[in-house]
Number of protein chains: 2
Amino acid sequence: MESEGRTGTGGAADGGSRGRSGKADGSAEIDYGELPSYIGYLLRRAQATIFRDFERALGDIGLTPGAFGILMLIRANPGITQMDLANAFGIDKSTLTPVLNRLEAGGLVRREQLAHDRRYNALFFEEARKDFFEHARKRVRQFEQSVADRLAPDEQAELVRLIGKLQAAQS
Amino acid sequence: MESEGRTGTGGAADGGSRGRSGKADGSAEIDYGELPSYIGYLLRRAQATIFRDFERALGDIGLTPGAFGILMLIRANPGITQMDLANAFGIDKSTLTPVLNRLEAGGLVRREQLAHDRRYNALFFEEARKDFFEHARKRVRQFEQSVADRLAPDEQAELVRLIGKLQAAQS
DNA sequence: TATTGTTATACTCTATAACTATA
DNA sequence: TATAGTTATAGAGTATAACAATA
């Protein structure tokens, strides 16, 4: 149940006979222990990989995956307030502010203080940038498709279901 | 294919009749559009949720999920070099350095410059902290179990398989 | 020249706490 | 008092580029 392998070492600096013990030459066989069975680890690796791919494929449009998602939500929900958007996206309001600042600076989004309760900012996608957005979305879709294509259609559905189930039990 | 809903707005600040259009009251029904079908988005949400849970459940042991994973790898692979560890964990060597600094400062890990090639640092778990580590690992296991228990055994296996498949096609 | 590891730097993501303004 | 949003701050995580030591 432990699968620790060569533990209990406490080892000295080793004088050369063991040397790098096959680990410093790139072709190493590393003992991952139970790590790959940890769902948190798996998700971190998967997410890092896909985010790197995203950046490589779409870095030139100047939107991070997060910023793009937020932009999509604003466009689909014109007039949404910052609090609702933060909640919907699963981040804190203070995390949202700088993202919106960048989107607004880039002319993609506009804040409008509500007249009847000036504490709220209603958010709107700038229709003047529609062409840019549609182009970006098309490329994001292609990217997502290329990721999804690694799985069969029923596997895609199953993955979505399993990830949802993983979070459903949460507080 | 668009499912944009109420787009084409370009909307004015709205004078009150639409008001917050059911979006500023928390009970909002938000249009997520195609976002939930994006695997990158799903993974980000899932990972964020589980990392938050991890911190809440295990924050008192003073190890982040990443630091704990690295510690596990060092313990399972005594003498591993920093480059090999970074590659195994999927991060850059410069990202690893501060993590190791913290682990070493906490007395959990020791660097030993190899005698026959002093460019390399061999890494060792400090056996003196074995009790602490075993305690931490037990709790991490419990936590991982509580996450895994949200899925049936066959679902767990399937999730691992699907996530693996998602990354397999990568460069 | 090439490689390991460190440092300098930068950026994103994330949060908490304190603040402003509004109600 | 309570809420929306901003700001100040902090920390993890990530990377690239330049550097020192070593080979």
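Biologist: How far is a polar side-chain atom of A:Arg102 from a phosphate oxygen of DNA strand C?
Modeller: Bearing in mind that this is a predicted model, the polar side-chain atom of A:Arg102 lies 3.4 Å from that phosphate oxygen of DNA strand C. A:Thr95 also has a side-chain N or O atom 3.0 Å from a phosphate oxygen of DNA strand C.

Biologist: And what does the backbone of B:Arg119 sit by?
Modeller: A polar backbone atom of B:Arg119 is 3.2 Å from a sugar or linking oxygen of DNA strand C.

Biologist: How many residues surround DNA strand C, and which are the closest?
Modeller: There are 22 residues around DNA strand C, and the closest are A:Ser94, B:Arg52, B:Gln82, B:Met83 and B:Asn121. By class, this surface has 10 charged, nine polar and three nonpolar residues.

Biologist: Which part of DNA strand C is within 4 Å of the protein, bases or sugar and phosphate?
Modeller: Both are represented, with 66% of those atoms belonging to sugar or phosphate and the rest to bases.

Biologist: Changing topic, what is the strand order of the open sheet in chain B?
Modeller: The three strands of chain B are in the order 1-3-2, with antiparallel pairing. Strand 1 (80–81) and strand 2 (109–113) of chain B each have a single partner strand, so they stand at the edges with one side lacking a neighbour in the sheet.

Biologist: Which helix lies across strand 2 and strand 3 of chain B, running at about 115 degrees to strand 2?
Modeller: That is helix 4 (residues 93–105) of chain B.

Terms used. Residues numbered from 1 in each chain as written. Chains lettered and ligands numbered in written order. Predicted model: local features only at pLDDT ≥ 70, side-chain atom pairs only at ≥ 80, totals over all residues. Heavy atoms only, no water. Pairing = 2+ DSSP bridges. Helix = DSSP H or I, 4+ residues; strand = E, 2+ residues; numbered from the N terminus. Contact = heavy atoms within 4.5 Å. Axes fitted to C-alpha atoms, helices over the stretch in contact; angles between N-to-C directions. Near = heavy atom within 4 Å. Polar contact = N/O pair within 3.5 Å; in protein donor to acceptor, adjacent residues only side chain to side chain. Nonpolar A, V, L, I, M, F, W, Y, C, P; charged D, E, K, R; others polar.
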